[in-house]
Each structure stands twice: as C-alpha cells, then as structure tokens.
Amino acid sequence: MSQYPGAEAIIALLGIKHNEQVLILSDKNMEADAIAVIEQTFSDYGAFPSINWDLPLEFCDEIPNSFEPLMQGFDVIILAASQSWYHTNARKKAKYEWKKRVVECYGLVKESLVDGALVADYDQVAQKGEEISAILTGEKLIRIVSERGTDFTCSIMEVGYETGQYQTPGSGGNLPGGEVYIMPLPGSVNGRIIIDVSMDIYGSLDEDVLGIDMENGKIVNVFGDNSSIMQDIIHKDHRIAHVAEVAFGTNSWSKLGRSIIEDEKKLGTAHVGFGNDTYMGGRNNGPHYDGVFSNPRVILDKGKEFLLG
C-alpha cells in the first residue's frame, strides 16, 4: 500500500493520464514536503509535473499576467499555495476558456496526503451532497443555529454542491472536495455566527472563538479575544464585510486541524464565506475568507429541523 494514498487519489480525482503535463503553482510559504510528495507520486505514475514557487505571498486581486502563458501549456493546473487564488480571472480562464482541469488545495500539508478527506469515497461524498442539496433546493429561508451560539437566517438564491471529481476538460474545484453551498439572496443574511473551528487568516481557533454579527448581508460587528485581526482587515478592505456564501461539509473522511480547506469539507461542519462571490455569479470582488463552525442545525422554512452529521 502506498505511503501517500492522498497523492494517488489526486491522480484519480483529476483523471490524470500518463504523459500529461501538470502545473503546480505554489509560493515560498508552503510546506515544501507536501509539494515534493505530489511531484514524486505524479512522476512515478508517468505524468510530467512542473512546480512554480513564484506566486505572490500577499493578497492580489489577480494572478500576475506573466503566469497566463505558462498555464496555457499544461493539461492540469493545481493551485497549491498558502492562500487562495480561486477568485482570479486567470483561474476562470484556465477552466472555462482553455478547458483545463483546475483545482485548488491551498494550505495543503503532508499529513493530508496520508489519510483524511483526500482518500474519501467520493461517490459517497457526492451522494451526501446530492441529498443535502435536494433538501435545501426549493427552500426560501433557512435558519442555522449551533450550541456555541450561532443563530442566523439566510434567504436562498442558489444551491449547488461539489463532488471532488474533476476528470473532464473545463472542470475543477477544491481538493479535498465535499460541500453543499448556498449563494444567499443579497442583503438577506441576519444574525450571529460563532466560528469555533477555524478561519482564513486565523488558522485553527481552538478555544479562541470568533464572533461575527451580520445585518442585511454585511458584517456589522466582530468580537472575541483576537477580533482586532478581522476588524483591521475589514477596515482596510470593506469588500470583506460582504456575506458571500453559506455552506455545509459533506466529507466524513475529513480530519479537523490540518487546513481550512479540509476543515470546511468535514461532514458536521458549516462555514460562512465573506468577501468575493464572483465565482458563484456575484459581483463582489476581493479576497474570500471562510469561517468554519461545528455542529450546525438547519431549520427549514416550515420549521422542520435537520442535523448535518
């Protein structure tokens, strides 16, 4: 049995063939060991991986233009940096215009290549996504609560889910995969979220929970021991105050505490995304930061309640 079944799973989930060219875009803050494992696994399989470590370390609205000619020369593109680049036009062009298979696994660590969300049965992940999506589709308003104090309402504009399987040209998403996502009706999210698992910029929160109050689809208050970090970010870029997404994990193989992207896929968690919503058809640009919380309960329009776990 392979020492790194998660790296082999990426090959299968992307449908990588022998002799295909794979570009791994990363930065110098990433864990080099994890990238090296992927490179070696792909090479042993018979693909041709190429690593570029030159993505900027600071947030940018776009991947620098110099990367686009490079990206066009590959069959598969993996965004494996220390921050997300999913919001960028270069990623969208690679997927929709150039018909590349494009995935993002920002914050990837070596442990995630051993076990956890990447080695899931993705047919089961997709089935769970379909089940939860079917429950939410057709609902107009939902309320989400948790034992830690989360309590907010959201009007639904669109519901979708990701399968984690991206074998066809022009496909892509997150790896690991597994979530049902809601695009809220603009201005409709009201209430409080208590983020007790992890959040972009912060990492794992443990006991240092972060509270966020939302009114009419905007952040109006942030509280908690380390709330000044989020407050400063919003002060510098008001676009982040926008509530862009509400989502639920569907991957029971996920292990918490490794990366934000694996935390948010965990069945039994939910997350709220703040900032950029353009990849869902919205118009708010800028960064996209996810806050993950545990044990959500969803109360549907007619009062019916269900647990996500």
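1. Buried here means under 20% relative accessible area, exposed over 50%, and partly exposed in between (1.4 Å probe, protein chains only). Helices (H or I, at least four residues) and strands (E, at least two) are DSSP runs, numbered from the N terminus. The model is predicted: local features need pLDDT of at least 70, side-chain atom pairs count only at pLDDT 80 or more, and totals for chains, interfaces and linings use all residues. Residues are numbered from 1 along each chain as its sequence is written, and side-chain values use heavy atoms, with hydrogens and water left out.

2. Helix H1 covers residues 5–14, and eight of its 10 residues are buried, so H1 is largely enclosed by the rest of the structure. The buried positions are Pro 5, Gly 6, Ala 7, Ala 9, Ile 10, Ile 11, Leu 13 and Leu 14. They pack against helix H2 (32–45), strand S3 (76–79), strand S4 (101–104) and helix H5 (122–136); contact means heavy atoms within 4.5 Å.

3. Strand S14 (residues 243–249) is mostly covered, with seven of its seven residues buried. Two strands pair if DSSP finds at least two bridges between them. S14 pairs with S8 in the antiparallel sense over four bridges, and Ala 247 in S14 is the bridge partner of Tyr 181. S14 also pairs with S15, again antiparallel, over five bridges; here Val 243 is partnered by Phe 274 in S15.

4. On the open space: a pocket is an open set of points on a 1 Å grid over the protein atoms alone, with protein on both sides within 12 Å along at least five of seven lines; a cavity is a set of points where a 1.4 Å probe fits but cannot get out, and lining residues have an atom within 4 Å of a point. Grid points are joined across faces, edges and corners, and a volume is the space filled by probe spheres set on the points. The largest pocket has a volume of about 830 Å³. Its lining comprises 42 residues, and Ser 84, Glu 104, Tyr 106, Asn 174 and Asp 290 lie nearest the centre. Elements giving two or more residues to this lining include helix H4 (89–97), strand S6 (151–162), helix H7 (260–263) and strand S16 (288–294). By class the lining has 16 nonpolar, 13 polar and 13 charged residues (Ala, Val, Leu, Ile, Met, Phe, Trp, Tyr, Cys and Pro count as nonpolar, Asp, Glu, Lys and Arg as charged, and the others, Gly among them, as polar).

5. The count of cavities of 30 Å³ or more is one, and the largest cavity has a volume of about 30 Å³. Leu 108, Ser 112, Leu 118, Pro 176, Ser 259, Ile 261 and Glu 262 line the largest cavity. Pro 176 is in the loop between S7 and S8, and a cis peptide bond with omega of about 0° joins Leu 175 to Pro 176.

6. Two residues deserve a backbone check. Lys 99, in the loop between H4 and S4, has a positive phi near 60° and is partly exposed at 48% relative accessibility. Asn 216, in the loop between strand S12 (210–215) and strand S13 (218–223), has a positive phi of about 50° and is exposed at 53% relative accessibility. Most residues other than glycine have a negative phi, and most peptide bonds are trans.
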